[in-house]
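Q: I have a new structure to look at and would like to go through it step by step. Can we start once it is on the screen?

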Amino acid sequence: MVKVRKDGSGDTQTIAEAIGIAEAMQQNVGEEEIAVEINIGAGSYKEKLQLTENHVSLVARGWDEVVIEYGDYALMILPDGVKRGTFRTQTVFVRADDFYAKNIIFRN
């Protein structure tokens with residue numbers, strides 16, 4: 001288990017860092033597959049997340065205690081002058097098997 005706490009009392013203060021730790025844990029066991037829970041403490045997290053390792057879950061204690069949000073939108077102009085487009089606006093991107101989230105509000 002990897003604990004995320006905004007107050008610094010966990011393993012990390014951001015979900016993105018916790019995903020990095022979980023992915024490193026998965027890679028360190030080689031062929032063996034382990035389940036890793038990311039336990040998220042109360043708060044609003046403004047993060048753009050990407051998860052690609054299997055068997056990772058995001059879990060909060062109460063259904064209304066954790067909000068993950070970001071602010072991208074389709075008409076946003078990127079540094080190269082191109083519009084972002086709908087397919088690059090996600091707050092959380094998961095490309096993995098056996099993923100689940102519990103008690104989390106995802107806001108885009």
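**Salt bridges and the rest of the chain**

A: Arginine 107 counts as partly exposed, at 41% relative accessibility. Keep in mind that this is a predicted model.

Q: Which residue does arginine 107 form a salt bridge with?
A: With glutamate 69; the closest N and O atoms of the two are 3.7 Å apart.

Q: Ok, what does lysine 48 form a salt bridge with?
A: Its partner is aspartate 72, with 2.7 Å between the closest N and O atoms. Lysine 48 lies in the loop between β3 (43-46) and β4 (49-51), and aspartate 72 lies in the loop between β6 (66-69) and β7, so this pair ties together parts that are 24 residues apart in sequence.

Q: And is aspartate 72 buried or exposed?
A: Aspartate 72 is buried, with a relative accessible area of 10%. Lysine 48 is partly exposed, at 32%.

Q: Which residues are linked in a network with that pair?
A: Lys48, Asp72 and Arg84 are linked in a network of salt bridges.

Q: Why would such side chains pair at all?
A: Side chains of opposite charge can pair when their charged atoms come close.

Q: What about arginine 61, what does it form a salt bridge with?
A: Arginine 61 forms one with glutamate 65, and the closest N and O atoms there are 3.8 Å apart. Arginine 61 counts as exposed, at 71% relative accessibility, while glutamate 65 is partly exposed, at 28%.

Q: Different topic. Which residues gather in a patch of negative charge on the surface?
A: Glu31, Glu33, Asp97 and Asp98 do.

Q: Where is aspartate 97 found?
A: In the loop between β7 (92-94) and β8 (100-102). Aspartate 97 has a relative accessible area of 52%, so it counts as exposed, the cut-off being over 50%.

Q: Let me step back. How many helices and strands does the chain have?
A: The chain has 1 helix and 9 strands. Read from the N terminus, the order of the elements is β-α-β-β-β-β-β-β-β-β.

Q: What does the C-alpha trace span?
A: About 45 × 35 × 20 Å along the principal axes of the chain.

Q: And what share of the residues is buried?
A: Buried residues make up 32% of the 108 residues in the chain.

Q: What is the mean pLDDT of the chain?
A: It is 91, and 99% of the residues reach 70 or more.

Q: Which elements have the lowest and the highest mean pLDDT?
A: Helix α1, residues 15-28, has the lowest among the elements, at 90. Strand β1, residues 2-4, has the highest, at 97.

Q: What lies in the loop between β1 and α1?
A: Lysine 6 is one of the residues there, and threonine 14 is another. Lysine 6 is partly exposed, with a relative accessible area of 42%. Threonine 14 is also partly exposed, at 26%.

Q: How far is lysine 6 from isoleucine 40?
A: Their C-alpha atoms are separated by 8.9 Å, and the two residues are 34 apart along the chain.

Q: Last topic, backbone angles. What is the phi of histidine 55?
A: Histidine 55 has a positive phi of about 65°, although it is not a glycine. The residue is found in the loop between β4 and β5 (56-60). At 18% relative accessibility, histidine 55 counts as buried.

Q: What about asparagine 103, what is its phi?
A: Asparagine 103 has a positive phi of about 65° and is not a glycine either. Asparagine 103 sits in the loop between β8 and β9 and counts as partly exposed, at 24% relative accessibility.

How values were computed
Residues numbered from 1 in each chain as written. Predicted model: local features only at pLDDT ≥ 70, side-chain atom pairs only at ≥ 80, totals over all residues. Heavy atoms only, no water. Patch = residues over 30% accessible without salt bridge, like charges linked within 9 Å, V, L, I, M, F, W, Y side chains within 5 Å. Areas by Shrake-Rupley, 256 points an atom, 1.4 Å probe, with all protein chains shown as cover. Salt bridge = Lys/Arg side-chain N within 4 Å of Asp/Glu carboxyl O. Lys, Arg positive; Asp, Glu negative; His and termini not counted. Charge placed at Lys NZ, Arg CZ, Asp CG, Glu CD. Helix = DSSP H or I, 4+ residues; strand = E, 2+ residues; numbered from the N terminus. Buried < 20%, exposed > 50% of the residue type's maximum accessible area, 1.4 Å probe, protein only. pLDDT = per-residue confidence, 0-100.
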